[in-house]
Structure formats: structure tokens, C-alpha cells
Amino acid sequence: MASKHTQSFKDSMSMASDLIHDFVCSPCQEDKLNTEAKYFCGDCSKYFCDKCLKFHSKLFKEHVVLGRKDVDKWVGQGDALISCDFHPGKIIELLCEDHAEMCCHLCVSLNHRMCRTISLISDLAKDVYKMADFKQLPSKVAKLTTSLNQVRVVRKKNQGSLKTSGKSMLTKIKDLRKSLNQLLDKLEKRTVKQMDSVLADLDDTLQKDIDSCTLIHDQLNALMDTIQSQGKDDEPRSYIGFRKSEEKMAEANSLLQVMSTKPELSATFQPDTR
């Protein structure tokens, strides 16, 4: 059985028609019209067609407007929180409940035509500030970022112990060399090279873990800063931030679970007495 928002979705999809544009005029889109954008205003973070640009230019003469020749500079502009990850320039406005995915109109046209339950974000976002999960979001994110930071600290300490082990092994290698003749001098150099390679590989492994923790840690904090800075005036934006935070928290929990199974890395040097 289709969602109660199906009719609203059909109404909103009427603007898509059979044309799929890379960028849709923002004012036209608000009026449920599908007009190709030919300009982008970085100050407004909005896209404009020829007609809408005339009104915009009269009101905001000092704004910098980019044309199609600078379209490569459009990508990545606008509001990152509500922009579609798969289609730059498109806004997240729908939720496919069959796949639990937030979508833009282009996502639905290409990947969710057969899905039975498509809902409008604006409908789902009503009373988002009253949702228990939304209220608990800051504390959950804080707990996760704390755990991520703890793992990062442990891995950094592991890096230090590896460096110490490396210095110790190098000392043993030097002591061994003194007991060997000139013919074994080449062996010493080769051994040091192998040691550096092993330590580098181990260090790379630890650095990847640290970078993974740092990335999700920073992403979670950035999301929370964005959500909390906008107040309680825009329920759809807050709902999108909430959903993105939950997705990022799931990634963080998966990462922490993987980290918990990893042993501490170590290396030792054993001389070949032959």
C-alpha cells in the first residue's frame, strides 16, 4: 500500500516532466516548475534561468553571478547539507522508504521509479524537533566522537611504541654489524631497509585507522555544528541533518566495532646467526 504522502509526491514530481536538467532554476523549482538553470549566484547559493536572473539582478546588483562557461565552479556550491550527494545542484526533497534513502527528484527518476513508498521530506520533517531521537542526537554524537577520539589516542600511542621499537631494533642491528666482517656490511644495509619497510607498512596501517577515526569524528562534529547553528526555523533542513547524522553514526559504530578487534601492532628484530 502506498504512503499517505504518495499524492504529494506525485504533485511534486509533476515539475520534473520528461526533461532532466543538470541544474534547475531555484525560484522556478519552488513554484514546481522544471526550468533549466543557466546561472549560479554564489552569494545566494541559488540557480537561475534567464527570466529569474533579471529579477535577481535588479535586487542584488553586487552579487557575483556565474554563467555556463564557469559551470565547473558551480559544483560543490550551495547548501551542502541539503544537496544531493549523487547529483550536484539537486536538492534532497524526498525519502524512499523502500530503501531508506533520501533522494532528489533525479534520484527518483533514475533509481526509484518502481518503489512503492516515496514521501516528501517536508511532510516527514514536521515536528522533527519533538522527536526523541532528534533530541538525543547531540549526546549520541558526543559519545561517539569521544570513543573515536579515544581510539585515535590509543593508535597514536601505538605509533610511538613502534618508533621506539624501531630505534631498539636499529641498535641491535648496529651491534650485530660490529661483529661481522666487511663482507656482511651489505647484509646490514639490506636488513635496515627491510626493517624500514616493515615499520612503514605497520605505520601506514595505524595511520589509516587514525585517519578513519578523524574523518568520521570531524564529519559528525561538522554536521552537529550545522544543525545547531540554524536554530529551529527550518524543519526539513534539520530533518535532513538528523538523517545524515544517523547514517554517519552508523558508520562510526561499524568503525569502532572493527577497531575493537584489531590487536596492537608490534615488531621485533631476530638476527640470523648463520
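Which residues in helix 7 meet which residues in helix 8? The views below take that question in turn, starting with the whole chain.

**Figure 1. The chain at a glance, in a predicted model.** The chain holds eight helices and six strands. Read from the N terminus, its elements follow the order α-α-β-β-α-β-β-β-α-β-α-α-α-α. Of its 274 residues, 39% are buried. Among contacts with a separation of 6 or more, 62% join residues 24 or more positions apart.

**Figure 2. Helix 7 packs against helix 8.** Two packed helices are described by the angle between their axes and the distance between the axes. Here, the axes of helix 7 and helix 8 come within 10 Å and cross at roughly 160 degrees. Because that angle is over 145 degrees, helix 7 is roughly antiparallel to helix 8. The crossing of helix 7 with helix 8 is left-handed.

**Figure 3. The residues where helix 7 and helix 8 meet.** Here is the answer to the opening question. From helix 7 come Asp 209, Ser 212, Cys 213, Ile 216, Gln 219, Leu 220, Leu 223, Met 224 and Ile 227. Helix 8 brings Gly 241, Phe 242, Lys 244, Ser 245, Lys 248, Met 249, Glu 251, Ala 252, Leu 255 and Met 259. Sorted by type, the residues of this contact are eleven nonpolar, four polar and four charged.

**Figure 4. A closer look at Ser 245, in helix 8 (residues 235–260).** Ser 245 has 0% relative accessibility, so this residue counts as buried. Beyond its neighbours within four places in sequence, Ser 245 is in contact with Leu 137, Leu 220, Leu 223, Met 224 and Ile 227. Now step across to Leu 137: leaving out residues up to four places away in sequence, Leu 137 touches Met 224, Ile 227, Phe 242, Ser 245 and Met 249.

**Figure 5. The largest nonpolar core, with 40 residues.** In soluble globular proteins, nonpolar side chains tend to be buried together. The members of this core that touch the most other members are Ile 121, Leu 137, Leu 148, Leu 220 and Tyr 239. Two or more residues each come from strand 4 (94–96), strand 5 (101–103), helix 4 (105–111), strand 6 (118–120), helix 6 (132–178), helix 7 (185–229) and helix 8. Helix 8 gives the largest share, eight residues. Another core, of eleven residues, lies apart from this one and includes Leu 162, Leu 206, Leu 265 and Ala 267.

Technical notes: Residues are numbered from 1 along each chain as its sequence is written. This is a predicted model: local features need pLDDT of at least 70, side-chain atom pairs count only at pLDDT 80 or more; totals for chains, interfaces and linings use all residues. Side-chain values use heavy atoms; hydrogens and water are left out. Helices (H or I, at least four residues) and strands (E, at least two) are DSSP runs, numbered from the N terminus. Buried means under 20% relative accessible area, exposed over 50%, partly exposed in between (1.4 Å probe, protein chains only). Contact means heavy atoms within 4.5 Å. A nonpolar core is a set of buried Ala, Val, Leu, Ile, Met, Phe, Trp, Tyr and Cys residues joined through side-chain atoms within 4.5 Å. Axes are lines fitted to C-alpha atoms, for helices over the stretch in contact, and angles run from 0 to 180 degrees between N-to-C directions. Angles under 35 degrees count as roughly parallel, over 145 as roughly antiparallel, 65 to 115 as roughly perpendicular and the rest as oblique. A crossing is left-handed if the near helix is turned anticlockwise from the far one by less than a right angle, and right-handed if clockwise. Ala, Val, Leu, Ile, Met, Phe, Trp, Tyr, Cys and Pro count as nonpolar, Asp, Glu, Lys and Arg as charged, and the others, Gly among them, as polar.
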